[in-house]
Amino acid sequence: MNKPVARISALSLSLMLLAGCATTSLTTAPESPAQGQALALIDQGKPREAAQQLETLAATLRGGARSNALADAAWAWHLAGDNTRARSLLAQVNARQASGASLQRYHLTGAELALADKQPAQALAQLKEHADSIVPALRTRWHLARAQALQGTGDSFGAAGERARAHAALSGTARNDNQAAIAGLLGTLDDASLRSRAAALPANDPLYNFAGRALIARGLPLPRPFDRDGGGQFDTSKRPPALSDGYRPPVKLAVLLPLSGRLATAAQPVRDGLLAAYYGEGRRRPDINFIDTAGTPAGALAAYDKAVAGGADFVVGPLGRDEVDAVYGRRQLPVPVLALNRGKDAPPAGSAGFSLAPEDDGIVAAEYLRGRERGKALVLNSTDDTGRRAAAAFAQRFQQRGGQVVASIGVSDAVGDVSAQVRNAGPVDAVFLAVRAPQARLLAPQLALAGAGGATRVGTSQLTVGSGKPEEDVALDGIVYPNEAWNVRSVSGVPAASQVAAALPSARGAAGRLFAFGADAWKISAYLDKLANEGGLDGATGTLYLDGNGNILRQPAWSSFSGGRPMPILGGR
């Protein structure tokens, strides 16, 4: 639990902010035209030239004007990477004479240099001014510097809060790195601390949605629904009023699926699951229209336009990742969508995204193991895209939560002898298996013979792919994996998995997961308001939540093999 979160040096922080901050201008109302012209060079990517001009200008000034110019020159030298010169100029500044943005640059430069010297308490002393009073151009750096300083003093939750306040102004790699850093900081808290501190956050605190996602990944309840920002509001004004249980379906629903093309096989169980739940509802149902996307981005855009022209007030789909990116690329969508995959960007304002991503399995597996204080894990993953993505997500979250991945072993369909690699990894108390059943059956005895048989073994939902014969699957006994809720318990509005599988081939075996996914797509569309405003919704794939950015999050049920048969774990974990 005490593995340190990756730290960012002051120079790296400067480069990250220059590359990833949505607030581009570093200039504010200047003391003089000459000072403003020099500061403008920073915006042009010429901090060294700015520093030289500001230093020359300072030599012609006195009093507060001189201190302001020296503070700005120190800031510019710091951005140019010459911290020796920056320190020299800072020492010449009379902080009592400096004012405005120049004084804020003085404090921020001093703080970032203190962080470079591993003096977090000194950095915090420089950053006492409330961020709301900091000029907008410096505010994001101010938050990130405070985050690093708080982390250095051991306040992980406070550091996460500062990073959360900076998050909206970041973009690209800087934004992704910041999100990972927040997850890592929250990962240092135990369950009780995370729950209590999340519950104490005021409404609309930027950290709450991050803390909520961490709680869901650990299988813990939310203190309250996610806060809704501009991107998390949903227009359901065209729908009739909700019934007592929150049921409020669209008036006219369009479903965009690849009914032809390379994704048609995956689309069939999704379509069947959606229709099973749709016809299982005895109350008012919307008109429903399935539109073929052919599995291409162009087809998805054409299908969406057809849905809009046909009067749909809500759209479910598309299914393919490239298709989702194409629709999200419109940004302003006249009719909201529930996309059935994870795009490279967040859902556009007013829309939502739902997926069964391999990364989710990796994250919940890491949380499962850390929740049981397992600290050293061996990872075995298939070499296909699904296995690699699950393994990468597992490793990142496991390490963020203070664990150590001692080795990762990729295995092909024809699993070879990995016993030597397992022995070379050394003692482990956890094994993560991002593989299918046929691979796991060959790996399990090797793990036992190589000395890892006593480790807690957790798989992904792929563990059921290729299973079904108890006499063979007995090799999987004891492996825990995230399962669809309808395989474990009854789910309101959705027929039992065994009942549906007996009648529909598309609900059997590995396809059953997509069938449940389709059923939940209908349920989300019918209970969108309830999901957004009241919290969790029991679905076929698990307990569903809607975060403040429009992402559907899922707490799965848990199962384990016993006697070669999948068995639910009492209590869900």
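**Figure 1. Leu380 and the residues that Leu380 touches.** In this predicted model, Leu380 is in contact (heavy atoms within 4.5 Å) with Ile409, Val418, Val431, Phe432, Leu433, Ala434, Val435, Leu443 and Leu447, leaving aside residues up to four places away in sequence. The residue belongs to strand E6 (residues 376-382); helices (H or I, at least four residues) and strands (E, at least two) are DSSP runs, numbered from the N terminus. Leu380 has a relative accessible area of 0% and is therefore buried, a term that stands for under 20% relative accessible area, against over 50% for exposed and values in between for partly exposed (1.4 Å probe, protein chains only). Between the C-alpha atoms of Leu380 and Gly459, which lie 79 residues apart along the chain, the separation is 9.5 Å. Residues are numbered from 1 along each chain as its sequence is written. Because the model is predicted, local features need pLDDT of at least 70, side-chain atom pairs count only at pLDDT 80 or more, and totals for chains, interfaces and linings use all residues, while side-chain values use heavy atoms, with hydrogens and water left out.

**Figure 2. Strand E8 and the strands that pair with E8.** Strands count as paired if DSSP finds at least two bridges between them. E6 and E8 (residues 430-434) are parallel partners joined by five bridges, and Phe432 in E8 is the bridge partner of Val379. E8 also pairs in the parallel sense with strand E9 (residues 456-459) over four bridges; there, Leu433 has Gly459 as its bridge partner. In a regular strand the side chains alternate between the two faces of the sheet. In E8 both faces are covered: Ala430, Phe432 and Ala434 are buried on one side, and Val431 and Leu433 on the other. E8, helix H19 (residues 437-449) and E9 together make a right-handed β-α-β unit, meaning that, with the strands pointing away from the viewer, the path from the first strand over the helix to the second runs clockwise.

**Figure 3. The open sheet E11-E12-E13.** Three strands form this sheet, and their pairing is antiparallel. Strand E11 (537-538) and strand E13 (552-555) are the edge strands, each pairing on one side only. Four bridges join strand E12 (residues 543-546) to E13, and Leu546 stands opposite Ile552 in E13. Helix H12 (residues 206-217) packs on the sheet, touching E12 and E13, and its direction makes about 30° with that of E13. Axes are lines fitted to C-alpha atoms, for helices over the stretch in contact, and angles run from 0 to 180 degrees between N-to-C directions.

**Figure 4. The buried residues of helix H5.** In H5 (residues 83-90), the buried residues are Asn83, Ala86, Leu89 and Leu90. They lie on the same side of H5 because they cover an arc of only 120° around the axis, the arc being that of the directions from the helix axis to the C-beta atoms. Their cover includes helix H3 (47-58), helix H4 (63-80) and helix H6 (100-116).

**Figure 5. The packing of helices H16 and H17.** H16 (residues 358-371) and H17 (residues 385-400) pack at an angle of about 35°, and their axes are 7 Å apart. Residues that meet include Gly362, Ala366 and Leu369 in H16 and Ala390, Ala393 and Phe394 in H17.
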